[in-house]
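Hello,

Here is the structure for your files. My notes on its sheet and helices follow below.

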Amino acid sequence: MTRVLLVDDQPLLRRSLAMIIDSDPALEVVGEAGDGTQAVVRARATRPDVVLMDVRMPHLDGLEATRRICADPALTGTRVLVLSMFELDEYVWRALHAGASGFLLKDARPEDLIDAIHRTAEGVSLFAPSILTRLVTHYVGTPGPGRPAAAPRGLTAREVEVLTLIGGGLSNDEIATALVISIKTVKTHITHLLAKLAARDRAQLVIAAFDTGLVRPRG
């Protein structure tokens with residue numbers, strides 16, 4: 001059973017979302033919140049698997065609430081799926097950098113919402129690798145001129161190679177081909193990277209590859 005916390009400042013929308021989610025026997029709504037401050041409190045109280053998070057809310061917006069939830073050591077098993085009316089790349093980037101695992105528009109079909117919640121709970125990125133990389137490329141801060149890449153400490157040479165290729169937008173199959181290793185080995189390296197970098201999913205690995213300068217924005 002995947003446990004879901006609903007966060008939106010519109011009670012009617014929360015009720016509609018709850019009805020959709022409860023229609024799936026594998027999903028359970030364990031709480032609701034009307035603003036970001038309540039979201040953080042309710043997340044700590046209910047320990048959900050997935051937080052369905054609105055962006056624009058009073059008192060504390062969804063992006064800051066996402067950052068606080070994802071930074072909380074007590075909520076390492078909780079992933080955030082941001083839900084918004086606005087298809088703005090900046091919102092997507094800011095949500096990912098705050099620690100969100102995915103981003104979905106409010107006009108998504110009910111079946112797409114349910115699928116997104118399941119995928120988020122499983123740690124599967126909602127973005128194709130190439131799309132995610134283009135997004136991060138556009139918004140991530142770049143290292144200053146002449147600043148060398150600084151791979152995160154504690155990584156093996158092979159793990160640095162895999163992280164670099166993830167940041168470059170390659171899929172697991174493409175990484176396996178590029179490094180002449182098996183898919184199973186690629187997945188093992190990714191599992192190690194997630195643990196060593198305290199990353200929740202592939203999106204966070206892409207951000208790490210850019211933030212450390214292993215991959216640089218194009219153009």
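Helix pair H7 and H8

H7 and H8 cross in a right-handed manner (left-handed would mean that the near helix is turned anticlockwise from the far one by less than a right angle, right-handed clockwise). This is a predicted model, in which local features need pLDDT of at least 70 and side-chain atom pairs count only at pLDDT 80 or more, while totals for chains, interfaces and linings use all residues. Residues are numbered from 1 along each chain as its sequence is written, and side-chain values use heavy atoms, with hydrogens and water left out.

Helix H7 (residues 157-167) packs against helix H8 (residues 172-179) at about 135°, the axes being 10 Å apart. Helices (H or I, at least four residues) and strands (E, at least two) are DSSP runs, numbered from the N terminus. Axes are lines fitted to C-alpha atoms, for helices over the stretch in contact, and angles run from 0 to 180 degrees between N-to-C directions.

From H7, Arg 158, Glu 161, Val 162, Leu 165 and Ile 166 meet Ile 175, Ala 178 and Leu 179 of H8 (contact: heavy atoms within 4.5 Å).

The sheet

Five strands form an open, parallel sheet, ordered E2-E1-E3-E4-E5; two strands pair if DSSP finds at least two bridges between them. Strands E2 (27-33) and E5 (102-105) are at the edges with a single partner strand each, so one side of each has no neighbour in the sheet. On average, neighbouring strands are turned by 25° against each other, direction ignored.

Four bridges join E4 (residues 79-84) to E5; in one of them, Val 82 has Phe 103 as its partner. Helix H3 (residues 62-71) lies across E3 and E4, at about 160° to E3.

Regards
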